[in-house]
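Hi everyone, thanks for making time. I'd like to walk you through the aromatic rings in this one, and then a bit of its surface. Here it is.

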Amino acid sequence: MSAHTTSMRDALYEAPGPRTRRLTAILTIVSLVLVCIGLALVVRQFYVTGQLDAKYWAFFAQWSTWAYLLEGFLGTLVVAVTAAGISLVLGVVLMLGRTSPIMPISVVSRVIIDFFRGVPSLLLIYFFFLGLPTIGLYLPPFWMITIPVSLAASGVLAEVFRAGVNAVPKGQTEAALSIGLTPGKTMFKIVLPQALRIVIPSLISQLVVVVKDTTVAYVVSYPDLMQNGRVLITTHDSVVSVYLVTAIIYILVNFAINQLSIAMARRSGNPIISRTTENPT
Amino acid sequence: MSTQTPVIELRHVDKHYGDLHVLRDINLSVHKGEVLVLIGPSGSGKSTLCRTINRLETIDSGEILIEGEPLPQEGKALAQMRAEIGMVFQSFNLFAHKTILQNVTLGPIEVLGMSKAEAEARAMELLRRVGVDAQAAKVPAQLSGGQQQRVAIARSLAMQPKAMLFDEPTSALDPEMINEVLEVMVELAREGMTMVVVTHEMNFARRVSNRVVFMADGQIVEEGTPTEFFDHPKTARAKDFLDSIRGH
């Protein structure tokens, strides 16, 4: 992945000459100074408004605060992992439906995909939280958050998978058919595994969206990181410090997911599609 | 030979791409052990013809018979027929996410129901035959074009096909790699494999084939033994084509 980034930079910017190098050096120093000034201003504002007072931060020295946040963090994790799993499977199913030659199946799949892609996940959550009980269906809070988040993500993932399947060269399918694989086996043994590798970066960014979507769990009072953070805020009457810490935890989680994606991209190693296979001359 | 049922037979085959008439009343039979070379200018329909034989291209009318049986249209029967006819593509089309060994064992395991151990033993034998056994654990992208194409031939052979189709097997290769692939094909021809080869390699056609079929504009314009065709072409179209590739 890092090699890829370098080559991308090389493609965007040509190798600098002496004047550009001097200019780059000057701008680096100037921007560094500006960033430092900005940070200093933020800290000063915090200090002036009393946000750095001990009463807003002291409770972070207590283990119980962290235990409570950890509990919320685990809640977020369980919802995110479950939702990710469901949406991956559902995404593949919807993609297969969308590409089906049987017209009603493809039309219905398409409508479902567009619906879940188009509707905000908060609205879906309200539907499960407020809508379903009116027809006598009561779900536990865990499912009231997990199902809508899964549905919202599966619509996007179906399209991501479809793009991946389309990106697998046609010759792969032809070769699979020519050795006698059935169309079904061709899809599951040859096309989908390659499509998955192609879409890993998009999959990971969608996973980040899932994690962020879980934050509306407070709507259904499911104890995730966000909800527990809110409880801490009321208990200690401290908005800024708690939200700051919570935000940092979310950033760390999503940073970890990104690192995972980089590791996965490395693990799949060599470019799986050689240039010659892609563009025969 | 003519009393025997041909391995591949096309009768009055027609195909259109929209307004374009890509195959016009094609009649052709390939007998057991025969090496048939299809040549012609690009766009003449030779690749399309080759691909109709295992139904990677459909036809509009006419008949295709494999060992006297009509080519199945779909399902298990079609898959089984395809398993019996090997195909080698211009762009190799090795399964990019599988190792070289897995490329060769996939068909035998999934289609022929062979055990993994047996499939691997036979695959190694085939890879040795085409000279790439040392690369068995690599993925296709790590191999040269010539090596990849030899693996593709081994992958087809692993299915123990009745006949093999080669769709411009050397056209995507760097010049120095063409011979290593042609040598494998010459060897196959010597062993009596029934082959249909779309190619621009005139030396191969002359040396190895039993029959040359010259196509232009979707039609078979002329056919004959390589000596007849190359030394005494009957039609003006064939003469022009031969002149152009000889660089006159």
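Take Phe127(A) and Phe128(A): the ring centres are 5.5 Å apart and the planes sit at 90°, so that's edge-to-face. Phe128(A) is buried, at 11% relative accessibility, while Phe127(A) is partly exposed at 43%. Buried here is under 20% relative accessible area, exposed is over 50%, and partly exposed is in between (1.4 Å probe, protein chains only).

Next, Phe142(A) and Trp143(A), with centres 4.9 Å apart and planes at 80°, so again edge-to-face. Phe142(A) is buried at 18%, and Trp143(A) is partly exposed at 33%.

Over in chain B, one aromatic cluster is formed by Phe214(B), Phe229(B), Phe230(B) and Phe241(B).

A quick word on the numbers: this is a predicted model, so local features need pLDDT of at least 70 and side-chain atom pairs 80 or more, while totals for chains, interfaces and linings use all residues. Residues are numbered from 1 along each chain as its sequence is written, chains are lettered from A and ligands numbered from 1 in the order written, and side-chain values use heavy atoms, leaving out hydrogens and water.

Last one: Arg155(B) lies over the face of Phe95(B), 4.5 Å from the ring centre; the rule is NZ of Lys or CZ of Arg within 6 Å of the ring centre and within 35 degrees of the ring normal.

Key. Rings of Phe, Tyr and Trp (its six-membered ring) pair if their centres lie within 6.5 Å; planes under 30 degrees apart count as stacked, over 60 as edge-to-face and the rest as tilted.
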